[in-house]
Amino acid sequence: MSKLSIVAIPDEVLRAKTRPVTKFDAELQQLIDDMIETMREANGVGLAAPQIGRPLKLAVIETLPEEDDDGNEIDGTRDLFVIINPEIYWTTRETTKGLEGCLSIPGYLGEVERADSIRVRGLDRHGRKFRQRFDDWDARIFQHEIDHLNGVLYIDKLTGPDNIWTEEEFEQMREERQKLKDQPQEHDPVVGD
Ligand code: ZN
């Protein structure tokens, strides 16, 4: 396996029209394995093929794990998905605002409103059909990745033009809020992919 290099904005491949995957051959399996390795090394929870310079309808996603009372990851609660030619065919009307980051927009976090629950259909890495429902943070990650396959980035969908921060600004805001409230802030999970 080998680590791939991640493309950042304003590279045009991030805006390119993607092609459906039609061949489920050894070359595709290698590409998928390399994408998984690249995502993990970058501490991302998702990586779409355009982000490694390939305009294909393919993304890998690793959902956030459940944690025990001490905040340690519970083994076996992190799920890995390979999604090919995916389509969101149902969404709830309920939405939630949340923070997202992107490996192609390093150093920034922005607020995006996403559907709470979605249903996705597509193919797995062997070309088998799947349909599955995702909720909450998992639903957010899938919406973010499937947007990548349509040339859409989270910065296109900010809740307001100013609702994007550098990681340093965000840390500062968090500390100030903490001082004001004088109570521990709930840790917001961040989608980094
Ligand atoms: Zn992204």
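Strands β4 and β5 form a hairpin, with six residues between the two strands. Within that turn sits G107, whose phi is positive at about 90 degrees. Keep in mind as you look around that this is a predicted model.

**The hairpin up close**
- Strand β4 covers residues 95-101, and strand β5 covers residues 108-115.
- These two strands run antiparallel, and six bridges join them.

**The whole chain**
- Zooming out, you can count three helices and nine strands in the chain.
- Starting from the N terminus, the elements follow the order α-β-β-β-β-β-β-β-α-β-α-β.
- The radius of gyration is 17 Å, close to the 16 Å that the globule rule gives for 193 residues, so the chain is as compact as a globular protein of that length.
- Along its principal axes, the C-alpha trace spans about 55 × 35 × 35 Å.

**Inside and contacts**
- Buried residues account for 44% of the 193 residues in the chain.
- Take the contacts between residues at least 6 apart in sequence: 67% of them join residues at least 24 apart.

**Surface and charge**
- The chain exposes about 10900 Å², and carbon and sulfur atoms supply 45% of that area.
- There are 25 positive and 41 negative side chains in the chain.
- The centres of these two charged sets lie 9 Å apart.

Note on methods:
Residues numbered from 1 in each chain as written. Predicted model: local features only at pLDDT ≥ 70, side-chain atom pairs only at ≥ 80, totals over all residues. Heavy atoms only, no water. Helix = DSSP H or I, 4+ residues; strand = E, 2+ residues; numbered from the N terminus. Rg over C-alpha atoms; globule rule 2.2 N^0.38 Å. Buried < 20%, exposed > 50% of the residue type's maximum accessible area, 1.4 Å probe, protein only. Contact = heavy atoms within 4.5 Å. Areas by Shrake-Rupley, 256 points an atom, 1.4 Å probe, with all protein chains shown as cover. Lys, Arg positive; Asp, Glu negative; His and termini not counted. Charge placed at Lys NZ, Arg CZ, Asp CG, Glu CD. Pairing = 2+ DSSP bridges.
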